[in-house]
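Take a moment with the sequence and the model below. The walk-through starts with the whole chain and then moves to single elements.

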Amino acid sequence: METRSAVAAGASIRLSRVSKIFPSPKGPVEALANVELTIAPGEFVSILGPSGCGKSTLLIAIAGLEPPTSGTISIAGRIVGAPRRETAIVFQDATLLPWKSALQNVLYPSEIGRQPRSAHEPKARALLQRVGLAGFEDRRPKQLSGGMRQRVALCRALVQDPDVLLMDEPFSALDAITRDEMAELMLDLWGEGGGRTAVFVTHSIHEAALLSDRVVVMRRRPCEVIADITVPFARPRRTTIVDDPAFVALCAKLRGLIEVSMGRRSNSAA
Ligand code: ADP
Ligand code: MG
């Protein structure tokens, strides 16, 4: 399939002593405290933690959309000072343009990059077909379900063959069944992707364990990394893995760490 062969290999990501402080009327809010993180090319890493622990701030900083207050972020060995074309991001809300069709939304990055439509349209159509949206190319976002809109957003992210794919709780606004379907689709797309690097923000233990090579657990106040857990399951994975006792045990371990991250348990209890 075209999307398989054209993909660039993944890029490495390195965060060194990354801190972010937001000013607020009640005083400064420390949203990231000395985050150290290295992600290898082609790794799928989830950032797991409770609401308000700095996950979105971290992702937006990696995307180059809002710089950290201190510390450095580099991708493929270069300091990130601005958004890079090879980094794609998917948010919780599909953020589609309501007046454009599904296909036009997928082609939008090419349009603003002033690239010829002919170069990307076959790929955009192939991607929409791949995610089960053949026949929906001309529909407006309002005419699509939440899950379909999120599939369009995923296609829009993939059409430029990113070497880094950032996702901020991309499935969390969806119902449980659609969410599982999306996780399965994500696993398949990942397998076909030729090794792009992914950072997936979630507060779902199950999603993190299912999708990732590593799960990085963050806590609030201070917003820092408290654990970095390797997920040992071979790929390709199927969602049936959730019944495997090793998967259940991993989820229990992550749940313990989340309790710690929310201050409900001491670290030794995890
Ligand atoms: P998460 O995505 O894990 O829920 P965020 O990264 O959105 O967490 O937020 C981390 C902390 O930083 C929270 O306390 C939040 O209120 C604060 N914060 C995030 N963005 C801003 C902002 N633009 N201005 C002020 N505070 C912010
Ligand atoms: Mg968030």
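What follows goes from overall form to strands and helices.

The model is predicted. Its chain holds eight helices and ten strands. How does the radius of gyration fit a compact globule? With 270 residues, such a globule would have a value near 18 Å, and the chain has 19 Å, which agrees. The C-alpha atoms fill a box of roughly 55 × 45 × 35 Å along the principal axes.

The inside comes next. Buried residues make up 51% of the 270 in the chain. Buried here means under 20% relative accessible area. Contacts tell of the fold as well. Of those with a separation of 6 or more, 71% link residues 24 or more positions apart.

The chain exposes about 12,400 Å². Carbon and sulfur atoms supply 52% of that area. Charge can be summed up briefly. There are 34 positive and 28 negative side chains. The centres of the two sets lie 4 Å apart.

Turn to the strands, starting with β1. Strand β1 spans residues 13-22, and β4 spans residues 70-75. The two pair in the antiparallel sense, over five bridges. One place to look is S16, whose bridge partner in β4 is T72.

From β4, move on to β5. Strand β5 covers residues 78-79 and runs antiparallel to β4, with two bridges joining them. I75 stands opposite R78 of β5. β4 and β5 form a hairpin with two residues between the strands. In this hairpin A76 takes a positive phi, near 50 degrees.

Which strands pair with β7, and in what sense? Strand β6, residues 87-90, pairs with β7 in the parallel sense over four bridges. Strand β8, residues 197-202, also runs parallel to β7, and five bridges join them. M167 of β7 is the bridge partner of V90. The bridge partner of M167 in β8 is F200.

Are the residues of β7 buried or exposed? Strand β7, residues 164-168, is mostly covered, with five of its five residues buried. In a regular strand the side chains alternate between the two faces of the sheet. In β7, V164, L166 and D168 point one way. L165 and M167 point the other way. Residues on both sides are buried, D168 and M167 among them.

Two helices complete the tour. Helix α2 runs over residues 55-62 and is mostly covered, with six of its eight residues buried. These are K55, T57, L58, L59, A61 and I62. An α-helix has 3.6 residues a turn, so residues three or four places apart point the same way. After α2 comes G64, with a positive phi near 80 degrees.

Helix α3 takes in residues 102-112. Its buried residues are A102, L103, N105, V106, L107, P109 and S110. What covers them? The cover includes two other helices, α4 (117-130) and α5 (146-158). α3 is followed by R114, where phi is positive, near 50 degrees.

Then go to β7, with β6 on one pairing and β8 on another.

Terms used
Residues are numbered from 1 along each chain as its sequence is written. Chains are lettered from A and ligands numbered from 1 in the order in which they are written. This is a predicted model: local features need pLDDT of at least 70, side-chain atom pairs count only at pLDDT 80 or more; totals for chains, interfaces and linings use all residues. Side-chain values use heavy atoms; hydrogens and water are left out. The radius of gyration is taken over C-alpha atoms; the globule rule is 2.2 Å times the number of residues to the power 0.38. Buried means under 20% relative accessible area, exposed over 50%, partly exposed in between (1.4 Å probe, protein chains only). Contact means heavy atoms within 4.5 Å. Accessible areas come from the Shrake-Rupley method with a 1.4 Å probe; for residues, only the protein chains shown count as cover. Lys and Arg count as positive and Asp and Glu as negative; His and the chain ends are not counted. The place of a charge is taken as NZ of Lys, CZ of Arg, CG of Asp or CD of Glu. Two strands pair if DSSP finds at least two bridges between them.
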